[in-house]
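Please look through the structure below with its sequence alongside.

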Amino acid sequence: MHEYPVTEQIIGIATKHGLDARASEVSVIHLVVGEQSGYIGESIQMYFDIISEGTLCEGARLDIKSVRPKLSCPSCGTLFERKPMSFACPKCGTDGAPTEIGKEFYIESIEVI
Ligand SMILES: [Zn+2]
């Protein structure tokens, strides 16, 4: 449910971008959404279709790039995706620590026509 306000923001930013560029419509919005960002791409898409109605963003395609979370090994510095039931570094076996990778949430780019 909390995707609603963030989707409104995305549409606000994209619409302003379209107006600034004197575009007739926003065609594609590229979003980067980490799997641990707390936001779900499908929900954003659903709200997007509703909220964008009547704006420059109506009919635009949402291109959502999903980012899998990675752990960082404190011993050897390897970045890796954790396996189910394990935090162990694939190189040295030390338990990895959480990183910011997978928590991303931002607009990468906006395409207008
Ligand atoms: Zn390691």
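A residue counts as buried under 20% relative accessible area, as exposed over 50%, and as partly exposed in between, with a 1.4 Å probe and protein chains only. At 3% relative accessibility, C73 is therefore buried, whereas C92, at 39%, is partly exposed. The model is a predicted one, in which local features need pLDDT of at least 70 and side-chain atom pairs count only at pLDDT 80 or more, while totals for chains, interfaces and linings use all residues. Residues are numbered from 1 along each chain as its sequence is written, and side-chain values use heavy atoms, with hydrogens and water left out.

Both cysteines belong to the metal site: the zinc ion is coordinated at 2.3 Å by the SG atoms of C73, C76, C89 and C92. Donors here are N, O and S atoms within 2.8 Å of the metal (3.2 Å for Na, K and Ca); water is not among the atoms, so sites may look incomplete. The angles among the four donor atoms of the zinc ion run from 101 to 120 degrees, and the site is tetrahedral, a term that for four donors requires all angles to lie between 85 and 135 degrees. In sequence, the spacing of the donor residues is C-x2-C-x12-C-x2-C. Because C73 sits in the loop between β3 and β4 and C92 in the loop between β4 and β5, the pair ties together parts that are 19 residues apart in sequence.

These strands form an open sheet of three, in the order β4-β3-β5, with antiparallel pairing. Its edge strands are β4 (79–80) and β5 (97–98), each of which pairs on one side only. Strands (E, at least two residues) and helices (H or I, at least four) are DSSP runs, numbered from the N terminus, and two strands pair if DSSP finds at least two bridges between them. Strand β3 (residues 71–72) is joined to β5 by two bridges, and S72 stands opposite A97 in β5.

The largest pocket holds about 170 Å³ of space. Its lining includes L71, F80 and P98, along with E35 and R68 among others. By class, the lining has five nonpolar, two polar and five charged residues.

Elsewhere, Y39 lies in the loop between β1 (26–34) and α2 (41–51). Y39 is partly exposed, at 25% relative accessibility. Its C-alpha is 9.3 Å from that of K103, although Y39 and K103 are 64 residues apart in sequence.

Notes. Tetrahedral: all angles 85-135°; square planar, octahedral: opposite > 155°, others 65-115°. 1 Å grid on protein atoms, 1.4 Å probe; cavity = no way out; pocket = protein on both sides within 12 Å on 5 of 7 lines; lining within 4 Å. Points joined across faces, edges and corners; volume = space filled by probe spheres on them. Nonpolar A, V, L, I, M, F, W, Y, C, P; charged D, E, K, R; others polar.
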